[in-house]
Amino acid sequence: MKQLLIYYYHSTVWASLLFILPLTGCNYHTKNNMISQQKIIIEYQEGMDISHHQKNIDWKQLTPSNSNKAFIIAKATEGKSYQDPKFIDNYKNICSVGFQPGAYHFLRFGSSSAKDQMDNFIGQIQAAQKLTDQTSLANNEPIIALDVEESNGSDYSLVSSVVEESVRYLKEINITPFIYTRQNFWDQHVKTTPDIVKKCPLWIARYRSTPPSSNELPNGWQEWKIWQYSSTGSVPGIQGNVDLNKMQLQNQLQMRHTPSIDVI
């Protein structure tokens, strides 16, 4: 009989979270009267995403140790010309206090081409990185993401093509972006996810305490990499709400051997 048991383990480092899922049933070994049970261990890191809406952040207070967070993804750009006025300072501070950095672009549909939008996005990332020393970070690989959701004046018939073209453009410069979206929005506007987009890691928005299951994901994905689980989080150094996320780090398969019980 298959069982699903979830245990929570809170690490003191980066607020890692372990979900232990005994899923695959039991194998009985007659030679030594032992039962082998498989466990899938999934480890997560906590993080957040920010923009100019968080206003003036106190970076003396907002640190990995104070917040128990490991990464921050900051809004960089939107459309072909908008640049978040806080992005470059946010990115520099994210790195200087020791978070893994990230940047996201809010896609528009119909008002500008994918290429123009990605030129805006990459230009801002490069501008921020020129002013930032990332060499001392434990994980200095930036998280690059495309934000795919509702926006005023959008032609949603273009969602699939604009996302696909944006991914192709980024792939040409060796960037595989995360795709941030919600299941109901994506499935309403993208009937079949392009193959190149399916290969991008998914950043899923679903506000609740339990992780999304595979049947709660947008079409084209079977698993998520980042889960935005709250829009009302609180961390030191930020006044007001902030989005909170968990990023999946790795899956491990472990075997546990337990003595069998003879039934007479």
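Predicted model: local features only at pLDDT ≥ 70, side-chain atom pairs only at ≥ 80, totals over all residues.

Me: Where is Leu137 found?
Reply: Leu137 sits in the loop that runs between α3 and β8.

Me: And is Leu137 buried or exposed?
Reply: Leu137 is buried: its relative accessible area is 10%, and the cut-off for buried is under 20%.

Me: How far apart are Leu137 and Val97?
Reply: In sequence, 40 residues separate Leu137 and Val97, while their C-alpha atoms are 9.1 Å apart in space.

Me: Switching to α3, what span should that helix have?
Reply: Helix α3 covers residues 114–130, and its 17 residues at 1.5 Å each should span 24 Å. The C-alpha atoms at its ends are 24 Å apart, so the two agree.

Me: Which α3 residues are buried?
Reply: Ala114, Gln117, Met118, Asn120, Phe121, Ile122, Gln124, Ile125 and Ala128.

Me: What do those buried residues pack against?
Reply: Their partners include the helices α2 (87–96) and α4 (159–172), along with strands such as β5 (71–78), β7 (100–106) and β8 (143–147).

Me: Zooming out, how many helices and strands does the chain have?
Reply: There are 6 helices and 12 strands. Of the 264 residues in the chain, 47% are buried.

Me: What about the accessible surface of the chain?
Reply: That comes to about 13700 Å², with 48% belonging to carbon and sulfur atoms.

How values were computed: Residues numbered from 1 in each chain as written. Heavy atoms only, no water. Helix = DSSP H or I, 4+ residues; strand = E, 2+ residues; numbered from the N terminus. Expected span 1.5 Å × (residues − 1). Buried < 20%, exposed > 50% of the residue type's maximum accessible area, 1.4 Å probe, protein only. Contact = heavy atoms within 4.5 Å. Areas by Shrake-Rupley, 256 points an atom, 1.4 Å probe, with all protein chains shown as cover.
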